[in-house]
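Subject: Structure handover

Dear colleague,

Please find the structure below, together with its sequence. My notes on what was found in it follow directly after.

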Amino acid sequence: LAAADLVVVGSGFYGLTVAERVASQLGRRVVVLERRSHLGGNAWSEREPETGIEVHRYGAHLFHTSNQRVWDHVRQFTEFTGYQHRVFSVSKGQTYPMPINLGTINQFFGRHLGPEQARALVREHAAEIDPDQVTNLEDKAISLIGRPLYEAFVRGYTEKQWQTDPRELPAEVISRLPVRYTFDNRYFSDRYEGLPVDGYAAWLQRLATHALVDVVTDVDFFDVRALVPAGVPVVYTGPLDRYFDFGEGRLSWRTLDFEQEVLPIGDFQGCPVMNYADPDVPWTRIHEFRHFHPEREHPADRTVVVREYSRSAEAADEPYYPVNTAADRAVLARYRERAAAEPDVYFGGRLGTYQYLDMHMAIASALTTVDNVLTPRLTRTAVVA
Ligand code: FDA
């Protein structure tokens with residue numbers, strides 16, 4: 001740490017993007033500290049040893065962006081396949097395309113409706129609830145898409161995601177429920193989409209290969225922070241509340257549990273992600289990782305599936321999605337004030353800002369921090385030195 005011009009806490013996309021840019025653009029030495037035994041943060045992937053199938057260890061990661069700068073930037077480090085994400089959902093014994101689109105609506109109501117007719121039907125169902133009288137998530141969802149679609153696709157899934165009856169969840173948990181009045185069932189509508197040709201691990205490792213970047217794994221920043229020389233800036237991408245010893249209270253998160261299994265068949269579900277909307281099935285979705293890379297050679301007689309379960313995070317769990325209640329926002333505002341008063345620490349990334357960020361957003365935000373904050377700061381240091 002003594003030789004570092006910059007210390008980065010956390011080696012996810014945010015931290016590694018900062019480290020790579022500061023090394024390659026500013027010629028500064030960066031030490032990245034990572035608590036886990038591998039770099040890469042939550043986008044990390046590994047080959048399942050028995051099948052060689054790439055599994056995203058902390059949940060499926062699909063890259064998509066409409067940000068031209070990010071797209072140009074990331075392609076310096078990886079090529080992308082032409083993968084386009086599509087999701088299906090099982091509800092009461094039938095399989096439907098997601099997000100809800102004309103195909104879903106026609107199949108569900110057993111009709112042949114065009115866009116305008118489908119819109120009119122959903123509007124008619126949604127009119128059951130006056131949007132001004134909404135007091136909970138269930139009412140809000142019905143006011144958006146009507147009761148029949150809500151009960152088939154949203155109620156059970158939401159109950160499992162939050163382990164709470166949707167009538168007891170605040171309406172603010174959802175602002176919109178996307179319904180597409182076309183047969184387009186692509187999950188993302190961004191201009192660019194794909195998966196890294198040789199996997200996430202290879203991409204993330206390439207970000208760390210610059211001679212001026214050292215990534216040290218199995219080190220918790222809080223065990224070594226006294227060794228950071230005075231005046232050396234720190235980019236911190238760990239949990240914001242942890243940095244301040246939870247002094248303002250804990251920010252609440254949802255976590256996921258994953259149950260991975262190798263099955264003795266070539267194809268389990270015929271698609272990468274199947275949602276389970278019914279409350280009596282305990283998992284929210286099943287990922288079958290071979291389908292993310294149809295261009296690769298995979299065993300014909302084995303496949304890897306991962307069942308995903310969702311629940312509120314306890315102190316020892318991995319924080320995945322910010323819950324972001326009104327109480328969380330009040331606590332967050334206090335932490336933000338304290339963060340702004342730390343002269344040498346820059347808070348960034350998903351955990352450091354208590355924000356759900358897609359990969360492209362984390363990368364865009366890291367590039368902006370390098371431009372607007374670190375470049376002036378580290379260049380100023382050089383002149384003074
Ligand atoms: P990230 O969490 O990746 O990295 C933070 C790192 O800091 C971790 O490695 C952690 O161990 C380390 N750390 C924390 N405290 C520390 C300490 N005290 N000392 C040392 N190290 C410490 N995005 C997308 O574009 N498409 C997708 O499909 C998905 N899917 C998805 C699924 C799930 C379940 C989640 C939770 C997230 C996604 N994402 C996603 C979002 C994606 O994971 C996210 O954009 C990146 O992980 C953001 O990178 P960060 O660097 O901010 O955090």
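The shell around the ligand is made up of 18 nonpolar, nine polar and six charged residues. Please note that this is a predicted model. Of the 33 residues around the ligand, those that come nearest are Glu-34, His-61, Leu-62, Leu-357 and Met-359. Four helices each supply at least two residues of this shell: H1 (13–26), H8 (221–224), H11 (349–353) and H12 (359–384).

An N or O atom in the side chain of His-61 is 2.7 Å from an oxygen atom of the ligand. A polar backbone atom of Phe-221 is 3.0 Å from a nitrogen atom of the ligand, and a polar side-chain atom of Asp-358 lies 3.1 Å from a ligand nitrogen atom. The ligand taken alone exposes 990 Å², of which the protein buries 98%.

As to annotation, UniProt, in an unreviewed entry, places the feature "domain: UDP-galactopyranose mutase C-terminal" at residues 152–356. Over residues 152–356 the chain is 23% helix and 21% strand, with the end C-alpha atoms 26 Å apart.

Glu-318 belongs to the loop between strand E14 (303–312) and strand E15 (321–322). Leaving aside residues up to four places away in sequence, Glu-318 touches Arg-36, Arg-254, Thr-255 and Ala-313. With Arg-36 there is a polar contact between the two side chains, at 2.9 Å. Tyr-243 is 75 residues from Glu-318 along the chain, and the C-alpha atoms of the two are separated by 16 Å.

Thr-81 sits in the loop between helix H2 (68–74) and strand E6 (87–91). Thr-81 counts as buried because its relative accessibility is 11%, and the cut-off for buried is under 20%. Beyond residues up to four places away in sequence, Thr-81 touches Glu-193, Gly-194, Leu-195, Val-197, His-293 and Glu-295. A polar atom of the Thr-81 side chain also lies 3.3 Å from the backbone nitrogen of Tyr-83.

Arg-29 is found in the loop between H1 and strand E2 (30–33). Its relative accessibility of 33% is why Arg-29 counts as partly exposed. Setting aside residues up to four places away in sequence, the contacts of Arg-29 are with Ala-3, Ala-4, Asp-5, Leu-6, Ala-211 and Leu-212. Between Arg-29 and Ala-19, ten residues apart along the chain, the C-alpha separation is 8.6 Å.

Finally, helix H3 (residues 102–109) was examined from end to end. At the start of H3, a side-chain oxygen of Asn-101 reaches to within 2.7 Å of the backbone nitrogen of Gly-103. The buried residues of H3 are Leu-102, Gly-103, Thr-104, Ile-105 and Asn-106. Which elements do these buried residues pack against? They pack against strand E7 (94–98), helix H4 (115–126) and helix H6 (147–162). Just after H3, Gly-110 takes a positive phi of about 60 degrees.

With kind regards

Terms used. Residues are numbered from 1 along each chain as its sequence is written. This is a predicted model: local features need pLDDT of at least 70, side-chain atom pairs count only at pLDDT 80 or more; totals for chains, interfaces and linings use all residues. Side-chain values use heavy atoms; hydrogens and water are left out. Contact means heavy atoms within 4.5 Å. A polar contact is a pair of N or O atoms within 3.5 Å; within protein, one must be able to donate a hydrogen and the other to accept it, and residues adjacent in sequence count only if both atoms are side-chain atoms. UniProt positions are given in the numbering used here, feature names are shortened, and annotations may be inferred rather than shown by experiment. A residue is near a molecule or strand if one of its heavy atoms lies within 4 Å of it. Accessible areas come from the Shrake-Rupley method with a 1.4 Å probe; for residues, only the protein chains shown count as cover. Ala, Val, Leu, Ile, Met, Phe, Trp, Tyr, Cys and Pro count as nonpolar, Asp, Glu, Lys and Arg as charged, and the others, Gly among them, as polar. Buried means under 20% relative accessible area, exposed over 50%, partly exposed in between (1.4 Å probe, protein chains only).
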